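Student: I'm new to this one and would like a close look at a single part. Please pick one spot and take me through what surrounds it.

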Amino acid sequence: VFYKKTIDIQSIRKVSEGGAAYKGPAPSLDRLEMVYNRERLVISPANKKAFTEALLALNPLIELKSKR
């Protein structure tokens with residue numbers, strides 16, 4: 001099931017690689033977990049590097065956590 005959700009970029013606190021399959025509708029196992037407000041959302045952008053760079057350009061306070 002896919003759905004659209006709008007999130008204020010300024011509310012995103014952390015983006016980390018991974019995320020359990022049960023936590024969100026991301027169709028891939030190569031996922032990012034976003035923590036915002038008091039919620040978590042798992043997504044699978046087509047290009048994780050470009051996606052995270054775009055987020056950081058808009059909100060440099062986002063904490064990035066890598067698996068490596």
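**Around lysine 48**

Tutor: Let's start with lysine 48, which counts as buried at 18% relative accessibility. Here buried means under 20% relative accessible area, exposed means over 50%, and partly exposed is in between, using a 1.4 Å probe and protein chains only. Before going on: this is a predicted model, where local features need pLDDT of at least 70 and side-chain atom pairs count only at pLDDT 80 or more, while totals for chains, interfaces and linings use all residues. Residues are numbered from 1 along each chain as its sequence is written, and side-chain values use heavy atoms, with hydrogens and water left out.

Now, who does lysine 48 meet? Its side chain joins that of glutamate 17 in a salt bridge, 4.0 Å from N to O. (A salt bridge is a side-chain nitrogen of Lys or Arg within 4 Å of a carboxyl oxygen of Asp or Glu.) Glutamate 17 sits in strand β1 (residues 12-17) and lysine 48 in helix α1 (residues 48-58), so this pair ties together parts 31 residues apart in sequence. Those names come from DSSP runs numbered from the N terminus: helices are H or I with at least four residues, strands E with at least two. Glutamate 17, for its part, is partly exposed at 25% relative accessibility.

Lysine 49 itself comes in at 58% relative accessibility, and it makes a salt bridge with glutamate 53, with the closest N and O atoms 2.8 Å apart. These two are four residues apart in α1, so about one helical turn separates them. Glutamate 53 is partly exposed, at 45%. Lysine 49 has another neighbour too: at the start of α1, a side-chain oxygen of asparagine 47 comes to within 3.2 Å of the backbone nitrogen of lysine 49.

Finally, a search of the whole structure turns up four salt bridges. Among them is one between glutamate 33 and arginine 40, whose closest N and O atoms are 3.7 Å apart.

Terms used: A polar contact is a pair of N or O atoms within 3.5 Å; within protein, one must be able to donate a hydrogen and the other to accept it, and residues adjacent in sequence count only if both atoms are side-chain atoms.
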